[in-house]
Amino acid sequence: MSEHSYKMIELVGSSHTSIEAAVQNAIAKAEQDESKLRWFEVVETRGHIEDGKIAHWQVRVKIGATLPD
């Protein structure tokens, strides 16, 4: 296994649908600016409530991208 160095970025993704969709939205945005995304970590989850129901989800994620050799 080769050794790598990683760049880590932190984003907040949101979705009206689910936590998973919020994570995917953050990853999709990161992919627009970074290449070689390798991993993610959800570090915070929260939501917004309207009329006693979940209106949308927010997740703070750390995303790692491999740096070029």
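## Strand pairing

Strand 2 and strand 3 (residues 53-66) pair in the antiparallel sense, over 12 bridges. Two strands count as paired if DSSP finds at least two bridges between them. In strand 3, I54 is the bridge partner of I49.

This is a predicted model: local features need pLDDT of at least 70, side-chain atom pairs count only at pLDDT 80 or more, and totals for chains, interfaces and linings use all residues. Residues are numbered from 1 along each chain as its sequence is written, and side-chain values use heavy atoms, with hydrogens and water left out.

## Fold and sheet

From the N terminus, the elements run β-α-β-β. Helices (H or I, at least four residues) and strands (E, at least two) are DSSP runs, numbered from the N terminus.

The three strands form an open sheet in the order 1-3-2, with antiparallel pairing. Strand 1 (6-15) and strand 2 (37-50) stand at the edges; each has a single partner strand, so one side of each is left without a neighbour in the sheet. Neighbouring strands are turned by 15 degrees against each other on average, direction ignored. Axes here are lines fitted to C-alpha atoms, for helices over the stretch in contact, and angles run from 0 to 180 degrees between N-to-C directions.

## Nonpolar core

The largest nonpolar core has nine residues: I9, A22, V23, A26, I27, A30, V59, V61 and I63. Such a core is a set of buried Ala, Val, Leu, Ile, Met, Phe, Trp, Tyr and Cys residues joined through side-chain atoms within 4.5 Å. Buried means under 20% relative accessible area, exposed over 50%, partly exposed in between (1.4 Å probe, protein chains only).

Helix 1 (19-33) and strand 3 are the elements that give two or more residues to this core. Helix 1 gives the most, with five. V23 touches F40, V42, V59 and V61, not counting residues up to four places away in sequence. Contact means heavy atoms within 4.5 Å.

## Overall dimensions

The protein has a radius of gyration of 14 Å, whereas a compact globule of 69 residues would have one near 11 Å. The radius is taken over C-alpha atoms; the globule rule is 2.2 Å times the number of residues to the power 0.38. The C-alpha atoms fill a box of roughly 50 × 20 × 15 Å along the principal axes.

Buried residues make up 25% of the 69. Among contacts between residues at least 6 apart in sequence, 62% join residues at least 24 apart.
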